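Have the structure open beside you as you read.

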Amino acid sequence: MKYKRLGLIVAFCFASWLVLAFVIFNENAVKKIDVETRKGSLLKYIQELEVQISQQEETYKLLVNKLKKLTPRPENVLQALEIKESPLEKHKVPFPATKKDVTQDIILPVLVFSCNRPDIRRSLDGLLKYRPDAKKFPIIVSQDCAHGATAKVIRSYSDASQVTYIQQPDQSEPIVPPGEAKFKGYFKIARHYLFGLSQVFRTFNHTAVIIVEDDLDVAPDFFSYFASTYQLLKNDPSLWCVSAWNDNGKASLVDVDQGSKLLYRSDFFPGLGWMITNELWDELEPKWPKSYWDDWMRRPEQRKDRACIRPEVSRTRTFGKIGVSNGLFFDKHLKYIKLNEIPVDFSKENMSRLAQSTYDADYIRNVYSLPLVSAPDVRTNVNLPFDGPVRITYHTKDTFKSAAKLLGLMDDFKSGVPRTGYHGIVSFFLNGRRIYLAPHSNWKGYDLTWS
């Protein structure tokens with residue numbers, strides 16, 4: 001009996017051990033299975049995330065490609081206008097042939113400012129004659145003054161769907177400071193420009209505009225010039241306008257035969273046929289002046305050390321002797337400006353050389369490496385024992401004015417900048433020779449007292 005009880009106890013203990021071992025083993029197995037299950041779920045979740053990320057990456061690439069097709073890449077101007085330069089013609093390098101002209105989809109409206117000049121017909125006929133594409137270059141005529149005869153002429157073009165006609169609604173007399181009553185016309189012009197430019201950029205939503213007045217003739221390549229310089233203006237932040245006008249563009253002072261392709265940077269705002277972008281108008285509109293808008297544009301707080309592009313041979317010429325300025329400079333200067341007669345396809349010309357990073361160092365180095373001569377010797381074309389371009393130095397405003405008068409150049413300064421000047425250098429062509437009227441080599445910038 002004693003051994004039987006002992007056997008039962010041993011059997012019971014063995015059974016209990018078996019049960020305990022089974023429970024422990026089973027719990028570990030469950031935990032292991034649970035861990036494996038969780039691990040599998042986590043791996044599956046990671047794989048799903050990788051698939052989603054891959055899909056999002058493909059979607060992003062697709063959107064980027066579509067965006068590139070819709071919007072020009074905002075690269076620097078040298079990349080946008082990149083070209084290999086010919087060693088034979090450093091200043092006349094053509095663009096290589098491309099599959100698509102980057103400017104072909106750009107709309108460049110021409111805004112014509114008018115008042116009381118019925119012979120605006122001459123200007124409009126010239127624009128329509130040389131306009132290559134009505135959709136690319138829509139013409140908008142903005143009239144002030146409510147002059148009936150002029151309005152009738154403009155309507156004859158708008159009725160034929162050749163131009164868009166808008167009218168400046170405010171015909172009230174502007175408030176003029178004491179002593180400036182005789183300059184009231186300049187106040188009206190500034191008000192009109194504010195209206196017209198706001199219409200172009202705010203109502204018509206254009207990205208750029210070519211601005212002319214109702215007394216300008218245009219050259220045959222007027223539209224090619226502006227269309228081909230648009231990308232340069234858009235991409236180079238050191239530029240703020242492109243102008244068709246050379247203030248020193250008399251036939252006797254430009255290279256009529258070989259200079260039609262030549263373009264320059266200029267610190268002087270020329271006007272008389274000029275192009276700006278909507279970004280610049282965003283900057284100027286809030287502070288637009290009540291009068292004398294052109295001289296206001298030339299002030300350093302507006303110019304901000306930016307330059308304009310201008311041609312050797314003008315692409316506009318004024319025939320408006322009678323106007324607000326009462327023919328100022330017309331008989332002595334403006335009527336002698338040479339209008340280009342040798343058409344240039346500027347889409348085939350190298351514009352990248354006009355980018356500041358390329359232009360400045362080469363231009364200034366070239367000018368100051370030239371032989372130094374006197375203005376009287378250049379005027380008489382004697383005592384010049386060398387061929388090719390030369391340099392005349394000036395040290396003060398007075399020495400500049402003296403040389404300019406002697407050589408037939410315009411001698412005035414606006415906000416310290418001579419007409420057509422770039423870093424103080426005025427380029428012109430006289431007696432078959434390129435001449436640079438340049439400040440002395442220690443010159444460090446414009447003296448703003450030279451106004």
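## Starting at strand β7

This is a predicted model. Start at strand β7, residues 263-266, and look at where its side chains go: Leu-263 and Arg-265 point one way, while Tyr-264 and Ser-266 point the other way. All of them are buried.

Who does β7 pair with? Its partner is strand β9, residues 307-311, and four bridges join the two. They run antiparallel. If you want to spot the pairing, find Ser-266, which stands opposite Cys-308 in β9.

Cys-308 turns up again on the way to another strand, as the bridge partner of Cys-241. Here β9 pairs with strand β6 (residues 239-243), this time in the parallel sense and over three bridges.

## The whole sheet

Now zoom out. These strands belong to an open sheet of eight strands, and the order is β3-β2-β1-β4-β8-β6-β9-β7, with mixed pairing. Because β3 (164-167) and β7 stand at the edges, each has a single partner strand, and one side of each is left without a neighbour in the sheet. From one strand to the next, the twist averages 25°.

What holds strands like these side by side? Strands of a sheet pair through backbone hydrogen bonds, either parallel or antiparallel.

## Helices across the sheet

Some helices lie over these strands. Helix α5 (residues 184-203) lies across β1, β2, β3, β4 (208-213) and β8 (274-277), and runs at about 155° to β1. Helix α4 lies across β1 (110-114), β2 (139-143) and β3, at about 145° to β3.

## How α3 meets α4

Helix α4 (residues 148-158) also has a helix partner: its axis and that of α3 (residues 120-130) come within 10 Å and cross at roughly 20°. The two helices are therefore roughly parallel to each other, and their crossing is right-handed.

Which residues touch? On the α3 side you'll find Ile-120, Arg-121, Leu-124, Asp-125 and Leu-128, and they meet Thr-150, Val-153, Ile-154, Ser-156 and Tyr-157 in α4. Sorted by class, this contact has six nonpolar, two polar and two charged residues.

## The big picture

Of its 451 residues, 44% are buried.

How far apart in sequence are the residues that touch? Taking contacts between residues at least 6 apart in sequence, 77% join residues at least 24 apart.

Note on methods
Residues numbered from 1 in each chain as written. Predicted model: local features only at pLDDT ≥ 70, side-chain atom pairs only at ≥ 80, totals over all residues. Heavy atoms only, no water. Axes fitted to C-alpha atoms, helices over the stretch in contact; angles between N-to-C directions. Parallel < 35°, antiparallel > 145°, perpendicular 65-115°, else oblique. Left-handed = near helix turned anticlockwise from the far one by under 90°. Contact = heavy atoms within 4.5 Å. Nonpolar A, V, L, I, M, F, W, Y, C, P; charged D, E, K, R; others polar. Buried < 20%, exposed > 50% of the residue type's maximum accessible area, 1.4 Å probe, protein only. Pairing = 2+ DSSP bridges.
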